[in-house]
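Trainee: I am new to this structure. Could you show me how to read some of its features?

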Amino acid sequence: MRAADIRSGGGWQGLASVLLFIGLWQIGAAFADSRLLPGPGAVLNSLIGEARNGALFYHLGITLARVAVSFIIAMVIGTALGMALGLWRALDRWLNPWLVILLNVPALVVIILTYIWLGLVETALLVAVALNKIPNVAVTLREGARALDRDYAEMAQIYRLGPWTTLQDIIIPQLAPYLLAAARNGLALIWKIVLVVELLGRSNGVGFQLQSYFQLFDVPRVLAYAASFVACVLLIEFLIFAPFERRIDVWRR
Amino acid sequence: MTIRILIRQKVFPAWADAPARHVFDHFSLELAEGEICAVVGPSGIGKSSLLQIIAGLDRDFDGSVEGCPQTIGYLFQSPRLLPWRTVRQNLEIVIPDRPEKASAWLAQVGLAGAEDVYPQRLSLGMARRASLARALAVEPELLLLDEPFSALDEATARGMQILVAEQVRRLRATTILVTHHWHEAAALADRVITLDGAPARIVADRPIRPARAAE
């Protein structure tokens with residue numbers, strides 16, 4: 001399944017470019033000959049070591065759970081907010097300035113303030129991450145809601161499709177590309193922010209581990225955690241987003 | 001039940017360069033149950049607007065529509081098929097309690113074999129027929145046809161006319177056909193109403209039953 005997805009995504013060039021990257025990395029590491037730039041082999045060894053002692057799965061699991069929960073919170077609230085803004089002009093006029101402010105407040109400020117106000121707790125992490133992401137989702141879905149076609153709404157009204165069918169068969173298919181864009185950008189943004197939030201105020205998770213190994217200048221382990229996390233995100237892309245995209249695109253000629 | 005339409009006032013608001021325009025002013029029309037009524041008149045006079053008012057899609061007017069049935073079939077000018085659903089699914093969605101009938105309706109309009117195609121693959125003529133099948137599938141008490149033959153080549157339009165005539169007579173629903181062609185109106189309707197002027201008035205209201213009886 002995965003191999004097929006990679007092929008459909010970029011052909012053999014995709015795989016070749018990854019191998020090329022690893023090759024260049026190896027050459028660079030050999031030239032530098034420094035413990036600050038370990039080669040792929042050293043990173044793989046660290047990865048195996050962390051996996052063997054269980055630390056990798058423990059911290060990776062915790063981080064992924066945080067990403068999942070805050071992703072869901074941000075998508076649900078952001079979608080609802082974006083729809084409301086797209087459908088009601090008056091509300092949009094009121095809330096648009098807030099949205100612009102929230103979009104541009106540095107993530108770090110939001111994180112620090114939520115930790116100060118809520119304490120160094122799990123809730124603070126989820127709130128901080130969601131607050132960082134909600135404006136992006138809302139802005140994307142606001143465009144989606146504005147693009148909803150009145151013709152289909154009238155058709156639904158004439159044939160009395162009812163609210164559930166209208167949502168499922170008329171509104172969601174029109175919003176699907178916007179939902180996908182928000183979800184993709186969302187995941188990319190959220191996992192980066194989760195690591196920062198962990199680094200600043202949690203005592204577990206990938207962000208915390210990166211912080212610890214940073215202090216030890218243990219670059220192979222830093223890269224091992226980064227690589228394992230990137231691998232997870234790629235898996236999500238190929239197993240969830242790409243099939244979803246093919247499904248919503250099936251009707252396009 | 002007779003449908004009584006009274007439009008005391010309907011104004012199109014000013015838009016871009018066009019000033020506000022009175023479309024209807026003290027306009028009234030009665031349709032007997034089962035009547036097939038054609039509405040002819042020049043483009044932009046308010047024929048489609050009249051259908052929208054009758055269907056309840058446009059409530060921004062001063063007046064009333066009484067006796068309008070619950071079940072309406074509406075053949076819009078553009079087919080308005082959902083592009084992300086197959087032709088069959090487009091029908092099933094309007095008849096959730098009897099989805100198995102979708103194929104039979106598609107066969108009625110000559111679309112057997114195109115059930116599992118997405119609407120983007122259909123020609124305009126085929127899409128109109130699918131849209132007609134959808135309008136018929138709900139077994140409407142009121143059927144609204146908004147220029148069902150426009151923008152079709154002659155042969156396709158002719159085929160569509162025959163199809164609509166057949167189905168409309170079989171259905172026995174109150175039907176309003178909007179068109180700008182007299183011959184289309186005459187071929188199909190019991191009664192032809194001609195609109196003209198601004199605001200639109202009925203300038204002619206003729207029964208054409210004798211022609212139908214002679215067929």
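Mentor: Gladly. Let us begin with naming: helices (H or I, at least four residues) and strands (E, at least two) are DSSP runs, numbered from the N terminus. The model is predicted, so local features need pLDDT of at least 70, side-chain atom pairs count only at pLDDT 80 or more, and totals for chains, interfaces and linings use all residues. Residues are numbered from 1 along each chain as its sequence is written, and chains are lettered from A in the order in which they are written.

Trainee: Where is B:Glu147 placed?

Mentor: B:Glu147 sits in the loop of chain B between strand S6 (142-146) and helix H5 (154-171). Its phi is positive, about 45 degrees, although B:Glu147 is not a glycine.

Trainee: Is B:Glu147 buried or exposed?

Mentor: Buried means under 20% relative accessible area, exposed over 50%, and partly exposed in between (1.4 Å probe, protein chains only). With a relative accessible area of 10%, B:Glu147 is buried.

Trainee: Which phi does B:Arg80 have?

Mentor: B:Arg80 is not a glycine, yet has a positive phi of about 50 degrees. Its loop runs between strand S5 (72-75) and helix H2 (87-92) of chain B. B:Arg80 has 12% relative accessibility and therefore counts as buried.

Trainee: Which peptide bond is cis?

Mentor: The one from B:Ala198 to B:Pro199 is cis, with omega near -5 degrees. B:Pro199 belongs to the loop between strand S8 (191-196) and strand S9 (201-207) of chain B.

How values were computed
Heavy atoms only, no water.
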